[in-house]
Each structure stands twice: as structure tokens, then as C-alpha cells.
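Let's take a walk through this protein together, starting with the whole fold and ending at a few individual residues. Have the sequence and the 3D view open as you read.

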Amino acid sequence: MGTAPATLVIACGALAREIAALTRANGWSALKVHCLPAEFHNRPERIAPAVRAAIRENRERYAKIFVAYADCGTRGELDAVLKEEGVERLPGAHCYQFFATGPVFAQFAESEPGTFYLTDFLLRHFERLVIRPLGLDRHPELAAEYFRNYRKLVYFSQAPRAGAIEEARHIADSFGFAFEHRFTGYGELGTRLAALAAGQDAAACQA
């Protein structure tokens with residue numbers, strides 16, 4: 001008779017596809033994933049309260065809880081909640097950083113501060129998360145004002161997809177940005193989830 005997973009990962013919905021791919025590929029049955037709405041990507045003030053609620057709702061059901069968010073624009077509010085609740089999260093200020101890893105991202109940021117970053121998720125949902133919310137579908141002339149301090153677009157890709165690089169390059173060209181692509185894989189997301197799963201597997205073997 002099976003037992004419930006001992007570790008809960010509370011994740012940004014923008015990472016759902018990547019976490020599912022990692023879980024399938026590695027057979028991480030010890031992890032249970034609860035995704036919060038991906039739309040919080042554009043409403044960071046909702047992240048910390050939602051994470052707190054999810055932690056408190058599930059604390060008694062799991063031996064360990066981990067949060068698959070970076071700071072993600074919460075301006076330290078998420079870290080304050082996690083400190084109170086005694087829960088860890090992914091490192092960094094945003095997903096670009098933990099996918100690329102801190103040292104690599106720092107190199108990009110230092111070489112060109114005016115850089116717009118894409119991940120696989122943002123590329124797939126660029127129209128919904130960038131174009132429409134900024135009103136660029138109705139007033140494309142606003143792009144010059146919104147992005148006047150940007151010079152470059154960097155696409156950090158997690159998994160190969162036919163046509164993805166060309167799509168990202170097209171976005172860069174449409175805004176007049178230089179373009180660069182870097183395949184990052186899953187970065188710290190994969191590393192941290194693997195460590196969590198390995199810890200639970202070890203615990204299961206010792207039980």
C-alpha cells in the first residue's frame with residue numbers, strides 16, 4: 001500500500017510545464033506539486049499571501065514544504081512570509097536568474113543592463129502576458145516608450161522546441177533589439193527538485 005508524498009512543492013504556475021517534464025523524466029513520485037495561478041506573474045502582490053495560505057493549508061499533510069518561486073517582484077514580501085513559516089524557496093530575484101544560475105545571469109546583466117529576458121513560458125504566452133496587458137495590440141506605438149531603455153533581448157530556453165528560437169528572434173527584431181539565445185535547461189529548478197526527491201527517496205529507504 002503506497003504512502004502520500006512527503007514533500008510538497010508550492011510552485012509558480014509559470015513553471016508547471018517544466019516541473020511536469022522533470023518529474024516525468026526522473027520518476028519523482030516522492031514529490032507532490034501544487035501550482036498557484038500563472039497570472040500571478042503579472043500580479044506579484046498576490047504571491048506572498050497565496051503562498052502563505054497554501055503553506056498553512058498543507059503543513060500538517062507533508063513532512064516538508066518547498067516553494068518554487070524566486071522573489072518574482074514581491075519586493076521581499078515572499079521572503080518575509082517564508083521566514084515566518086520556516087520554508088525555503090528557489091534562489092534569486094526571478095526565474096531568469098535561477099534558470100541561468102546566478103553567476104551566468106550576473107554576466108548578462110552586467111554586460112547589458114538594458115536587457116529584456118524571455119523563458120520558454122514567456123515566449124509561449126508573450127501575446128497574453130506582454131502584448132495585451134501593455135495595450136500594444138491596440139497601440140503599438142507605445143512600445144517605443146515602454147522599452148526605450150532596452151537594447152537587447154536574451155532568450156533563456158529550457159527545452160528544445162521547433163521554431164522557438166526564430167519566434168524569440170522575431171520578437172527581438174520587432175522591438176529593434178539585439179538578440180541572443182542561451183540554452184539553460186532547468187538550472188537551479190532542476191537541481192533543487194532533484195535534491196528534494198533524492199532526500200525523500202533516501203528517507204523512504206531508511207523507513
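The protein has 10 helices and seven strands; helices (H or I, at least four residues) and strands (E, at least two) are DSSP runs, numbered from the N terminus. Its radius of gyration is 18 Å, close to the 17 Å that the globule rule gives for 207 residues, so the protein is as compact as a globular protein of that length. Here the radius is taken over C-alpha atoms, and the rule is 2.2 Å times the number of residues to the power 0.38.

Before going further, a word on what you are looking at. This is a predicted model, in which local features need pLDDT of at least 70 and side-chain atom pairs count only at pLDDT 80 or more, while totals for chains, interfaces and linings use all residues. Residues are numbered from 1 along each chain as its sequence is written, and side-chain values use heavy atoms, with hydrogens and water left out.

Now for the overall picture. The C-alpha trace spans about 60 × 35 × 30 Å along its principal axes. Of the 207 residues, 43% count as buried, where buried means under 20% relative accessible area, exposed over 50%, and partly exposed in between (1.4 Å probe, protein chains only). Among the contacts with a separation of 6 or more, 69% are between residues 24 or more positions apart; contact means heavy atoms within 4.5 Å. As for charge, there are 24 positive and 24 negative side chains, and the centres of the two sets lie 3 Å apart. In this count Lys and Arg are positive and Asp and Glu negative, with His and the chain ends not counted; each charge is placed at NZ of Lys, CZ of Arg, CG of Asp or CD of Glu.

Next, find the open sheet. Four strands form it in the order E2-E1-E3-E4, with parallel pairing; two strands pair if DSSP finds at least two bridges between them. Strand E2 (31–36) and strand E4 (88–89) are the edges, each pairing on one side only. Start at E1 (residues 7–12), which six bridges join to E2; along this pair, Val-9 stands opposite Val-33. E1 also pairs with E3 in the parallel sense, over five bridges, and there Thr-7 stands opposite Lys-64. Strand E3 (residues 64–68) is mostly covered, with four of its five residues buried. E3 and E4 pair over two bridges, and Val-67 of E3 faces Arg-89 in E4.

From the sheet, step out into the loops. Cys-72 lies between E3 and helix H3 (77–85), and its phi is near 55 degrees, a positive value in a residue other than glycine. Cys-72 counts as partly exposed because its relative accessibility is 23%. Thr-101, in the loop between helix H4 (95–100) and helix H5 (102–111), also has a positive phi, about 80 degrees, although it is not a glycine. At 25% relative accessibility, Thr-101 is partly exposed.

Our last stop is Ala-159, in the loop between strand E6 (152–157) and helix H9 (164–175). Ala-159 is partly exposed, with 28% relative accessibility. Leaving aside neighbours within four places in sequence, Ala-159 is in contact with Asp-120, Phe-183 and Tyr-186.
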